[in-house]
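Please have the sequence and the model open while reading.

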Protein chains: 2
Amino acid sequence: MTLDLAGWAALVPSPDASATAAARARQDTLTKPSGALGRLESVSLWLAGVQGRCPTIQPSRVRVVVFAADHGMALAGVSAYPAEVTGQMLANMREGGAAVNVLARQCGATIRLVSLCDEYPRTGRIDREDAMTAETAEAALRLGAEIADEEVDGGADLLIPGDMGIGNTTPATALIGLLTGAEPAQIVGRGTGIDDVTYARKQGAIIAAAGRASGLANDPVRLLAAVGGPDLAATAGFLLQAAVRRTPVVLDGIVSGAAALFAACIAPSAKAWWIAGHVSAEPAHGEALRHLGLNPLLDLGLRLGEGTGALLALPLIQAASATLNEMATFSSAGVSGRA
Amino acid sequence: MTLDLAGWAALVPSPDASATAAARARQDTLTKPSGALGRLESVSLWLAGVQGRCPTIQPSRVRVVVFAADHGMALAGVSAYPAEVTGQMLANMREGGAAVNVLARQCGATIRLVSLCDEYPRTGRIDREDAMTAETAEAALRLGAEIADEEVDGGADLLIPGDMGIGNTTPATALIGLLTGAEPAQIVGRGTGIDDVTYARKQGAIIAAAGRASGLANDPVRLLAAVGGPDLAATAGFLLQAAVRRTPVVLDGIVSGAAALFAACIAPSAKAWWIAGHVSAEPAHGEALRHLGLNPLLDLGLRLGEGTGALLALPLIQAASATLNEMATFSSAGVSGRA
């Protein structure tokens with residue numbers, strides 16, 4: 001059965017405006033000049049809205065879901081690493097040795113690895129052929145949604161999409177270019193750290209992919225099938241369903257950014273449930289966030305993916321919650337107000 | 001006895017270059033593209049250097065020292081809050097209700113409150129008269145150094161300078177202007193959130209203070225006496241002595257930034273021991289950091305002080321340490337290197 005995208009989008013609720021208003025009012029009673037906690041205050045308002053309560057609950061059941069896939073572009077010389085690294089890094093993640101494992105341990109988050117490598121064959125080279133069929137794109141969108149449901153039903157109170165897949169910045173950049181209208185020359189990045197020759201090859205591939213898909217802007221599933229991948233599709237489904245399930249999401253890098261941009265094309269209101277953990281060194285990621293109207297919390301020149309940048313932002317979100325909830329008020333502390 | 005500033009400066013050691021080099025080499029063996037953790041990698045190198053070891057030890061005995069003082073400028077209508085708020089906020093900090101308390105609890109740091117309000121009288125209005133005598137400035141520099149010694153001897157493995165004092169952004173801005181040559185019009189900020197009339201008054205006061213002190217650039221203690229305060233002096237002494245004691249420091253906002261700029265004039269090599277936690281909404285703070293050559297970790301529009309911005313950056317430093325220490329290497333995880 002064809003996926004009913006409009007019906008899915010209609011299920012996305014709005015955050016709770018009264019909880020947001022209560023957080024705004026509470027912020028102005030706390031023992032600090034109004035607005036002095038800067039971005040932390042706006043994050044606390046967002047958290048109140050998506051949790052539907054003020055005081056907020058500090059997110060403590062944080063789940064990272066890493067979607068991994070084999071990309072045909074990895075065989076086309078657009079990455080600094082060989083294609084087999086995808087599977088090797090998944091094994092490393094299972095053993096707890098990757099950056100995402102270390103950072104999740106630091107903040108008490110847990111990780112679920114979703115390898116799409118077996119279920120879905122390596123994608124097509126998007127400069128020459130579609131990445132996958134429309135049926136595969138739909139199936140992966142559904143799978144991502146099911147995983148979001150499972151995680152929310154399992155008690156997760158905040159979700160983070162992660163990624164692993166050599167070559168995955170090529171489809172992500174192509175998708176962002178097509179959805180934002182940005183010129184490839186302006187947004188193609190160095191991925192894992194490619195040299196000039198590889199960069200030229202990557203840029204050429206993205207231009208070719210964009211050319212092949214240029215007529216598909218109004219057919220999201222076919223667009224995703226043409227230049228995306230099952231990981232991008234599953235992440236998009238995961239992000240959409242997280243919004244349906246009223247669960248906050250911290251976005252990570254270019255792959256989750258591309259998936260978010262795609263998901264927001266289907267359901268613009270979903271982005272109210274997401275916050276941008278960081279902006280990466282990939283130019284396309286910044287472009288995607290600007291189009292989404294999401295202001296990243298961190299800018300640390302990261303270009304690793306996996307969910308790492310989102311995990312680094314998590315303590316800021318927890319701090320936003322704690323300050324809103326725990327600071328004394330001017331009246332409770334007996335502090336004079338403005339002169 | 002007059003303080004021997006040159007002798008003090010000569011005691012500042014350099015971080016351990018061999019530990020930094022070991023961290024650089026180790027980063028390149030970890031299962032990620034070289035440089036993919038961006039700023040986190042450079043922070044790990046800094047931490048290795050200041051700790052003199054690789055692997056590093058994750059800072060876990062973090063101490064915030066809040067220096068509070070009564071500023072004469074608070075009576076001159078340059079703040080949105082009345083002067084008595086300084087003492088009221090100190091009481092709030094003792095009760096655990098201020099933002100600095102909440103954020104310290106979040107990351108397991110402890111706080112020491114150092115009120116200079118009793119030992120040192122309210123400072124002079126720096127637009128008309130010196131803030132304090134040169135003797136007071138020296139005594140406060142020494143006090144800050146003694147406190148750093150006490151904290152390091154007590155086991156602190158990372159220090160954070162905090163501040164509390166209505167009116168304190170006025171002397172901090174004046175000091176930064178004099179030490180950087182920046183025009184007051186370019187660097188005066190809104191402090192606690194002042195209106196246009198108050199802002200004009202604050203700017204006029206800083207111009208007057210800078211005029212009074214313009215001949216003192218080569219006499220640091222007299223400069224500090226003219227436009228500073230005992231809190232700025234104690235913080236500068238604290239920062240210098242932390243460097244002497246080979247103890248890393250995370251700088252906070254405009255007040256610790258002004259003190260750091262002053263301390264770096266006495267001992268330029270001391271800044272190798274400091275990292276900038278954030279850049280605040282106060283323009284003078286960014287100017288001070290640029291002059292120090294310190295690149296802030298966070299930019300969240302904070303303007304609260306107390307040590308809050310430094311505490312928010314602490315998880316990033318801990319994450320830098322953890323990724324350096326705990327990630328698998330390409331060889332240990334059996335991951336292929338670059339193609």
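## Charges over rings

Over the ring of which residue does the charged end of B:R190 sit? The ring is that of B:Y199, and the charged end of B:R190 lies 4.4 Å from its centre. In chain A, the charged end of A:R190 sits over the ring of A:Y199, 4.4 Å from the ring centre. The model is predicted, and these values are computed from it.

## A pair between chains

A pair of aromatic rings is described by two values, the distance of the centres and the angle of the planes. Over all chains, the count of aromatic pairs is four. One of them is formed by A:F330 and B:Y81, with 6.2 Å from centre to centre and 5 degrees between the planes. This pair is stacked, because planes under 30 degrees apart count as stacked.

The pair crosses between chains. A:F330 belongs to helix α15 (residues 330-333) of chain A, while B:Y81 is in the loop between β1 (62-68) and α4 (85-95) of chain B. A:F330 has a relative accessible area of 16% and is buried. B:Y81 is also buried, at 6% relative accessibility.

## A pair within chain B

B:F67 and B:F238 form an edge-to-face pair.

B:F67 lies in strand β1 and B:F238 in helix α11 (residues 230-244), both of chain B, so the pair ties together parts 171 residues apart in sequence. Both B:F67 and B:F238 are buried.

Conventions
Residues numbered from 1 in each chain as written. Chains lettered and ligands numbered in written order. Predicted model: local features only at pLDDT ≥ 70, side-chain atom pairs only at ≥ 80, totals over all residues. Heavy atoms only, no water. Phe/Tyr/Trp six-rings, centres within 6.5 Å; stacked < 30°, edge-to-face > 60°. Helix = DSSP H or I, 4+ residues; strand = E, 2+ residues; numbered from the N terminus. Buried < 20%, exposed > 50% of the residue type's maximum accessible area, 1.4 Å probe, protein only. Lys NZ or Arg CZ within 6 Å of the ring centre and 35° of its normal.
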